[in-house]
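I opened this entry to look up contacts between side chains and the layout of the strands and helices. My notes follow the model.

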Amino acid sequence: MTRTYIIFFLLLIGCKSDKKEDYYSEEKNEIERIEFNLPNFEKWTESYSDESVKLYFDDLSVSDKMETVGVYLNNYTLAKKDSLDVLDFEDYAVFMINKNEQKWKLTGNDLERLFRVQKMKTGTINVDRLEALKKVYSDTTFLHSEKPIVIEEYRPNENILSALKLIKPYYDDHEIIVVYVYNLILINNHLVYGGYYLDLNGNESLEKAKEMNDIIMTKFLESNK
């Protein structure tokens, strides 16, 4: 798990605009810090509230400004929570906030602009799905560990912008590729980052990642109206 979680974390802290007005807004929230509702549902269990899971994810933290607010594990993984340090698992979701961003009041109309700035700052590019699947294993120069590619951008909800991405966790291992769905979510005008992870296994894994991501992200949004 460490391989994908750290990449997700570094992507967030690297997406910073040089000018406040380019990225945020001119309005501020009346309440800067809000609490989030994190219910369990279907096969998913909110696990950051579990001390062993919390300690594990907190140990991965590399920035004081980023804060984990929720971790969703499937029940099979949760049953192995005492082996997280050796378990390289998939099929999980993470929710985080940047504490420095919570004062800025944002709307659903801001999400495309935010993502456009992030892509520009990180040099992330869009690649056709079929081309990506054809090259991701055969061409070792196609995907770089420090820079994912975007397969698709879409809106499962007016307050969620999702990007289906491929990432290479290790720069020297071209066999392990992860499907990563990156989400910008608005909860009461506050920006939340969501990430869902699944190992790549053909086009089917891309569709499954989208399906599972949309279930988790939409449930999170609905639970915080």
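I started with Lys-43, which is partly exposed at a relative accessible area of 34%. My scale: buried is under 20% relative accessible area, exposed is over 50%, and partly exposed lies in between (1.4 Å probe, protein chains only). Asp-91 counts as buried, at 7%. The two form a salt bridge, with the closest N and O atoms 3.0 Å apart. I call it a salt bridge when a side-chain nitrogen of Lys or Arg is within 4 Å of a carboxyl oxygen of Asp or Glu. Lys-43 sits in the loop between α2 (20-23) and β1, and Asp-91 in the loop between α4 (75-78) and β3, 48 residues apart. Helices (H or I, at least four residues) and strands (E, at least two) are DSSP runs, numbered from the N terminus.

A note on the source: this is a predicted model, where local features need pLDDT of at least 70, side-chain atom pairs count only at pLDDT 80 or more, and totals for chains, interfaces and linings use all residues. Residues are numbered from 1 along each chain as its sequence is written, and side-chain values use heavy atoms, with hydrogens and water left out.

How many salt bridges does the rule give? I count 12. Glu-153 and Lys-119 make one of them, 2.7 Å from N to O. Glu-153 lies in strand β5 and Lys-119 in helix α5, so the pair ties together parts 34 residues apart in sequence. Glu-153 is partly exposed at 36%, while Lys-119 counts as buried at 15%.

I then checked Glu-131 and Lys-135, whose closest N and O atoms are 3.1 Å apart in a salt bridge. They are four residues apart in helix α6 (residues 129-135), which means about one helical turn separates them. Both are partly exposed: Glu-131 at 33%, Lys-135 at 30%. Salt bridges with shared partners also join Arg-129, Glu-152, Glu-207 and Lys-210 into one network.

Next, the sheet. Eight strands form an open sheet with mixed pairing, in the order β1-β2-β3-β8-β7-β6-β5-β4. The edge strands are β1 (44-46) and β4 (125-126), each pairing on one side only. Strands pair if DSSP finds at least two bridges between them. β5 (residues 149-157) and β6 (residues 160-167) run antiparallel, joined by six bridges. Glu-152 has Leu-164 as its bridge partner in β6.

Then the aromatics. I find 11 aromatic pairs. Ring centres of Phe, Tyr and Trp (its six-membered ring) must lie within 6.5 Å; planes under 30 degrees apart are stacked, over 60 edge-to-face, the rest tilted. Trp-44 and Tyr-196 are edge-to-face, 6.3 Å centre to centre with 80° between the planes. Trp-44 is in strand β1 and Tyr-196 in strand β8, so this pair ties together parts 152 residues apart in sequence. Trp-44 is buried at 1%, and Tyr-196 is buried at 0%. Phe-115 and Tyr-182 are tilted, at 6.0 Å and 35°. Phe-115 is in helix α5 and Tyr-182 in strand β7, 67 residues apart. Both are buried.

Last, charges over rings. Lys-165 lies over the face of Tyr-182, 4.6 Å from the ring centre. Lys-210 has its charged end over the ring of Tyr-154, 4.7 Å from the centre. The rule here: NZ of Lys or CZ of Arg within 6 Å of the ring centre and within 35 degrees of the ring normal.
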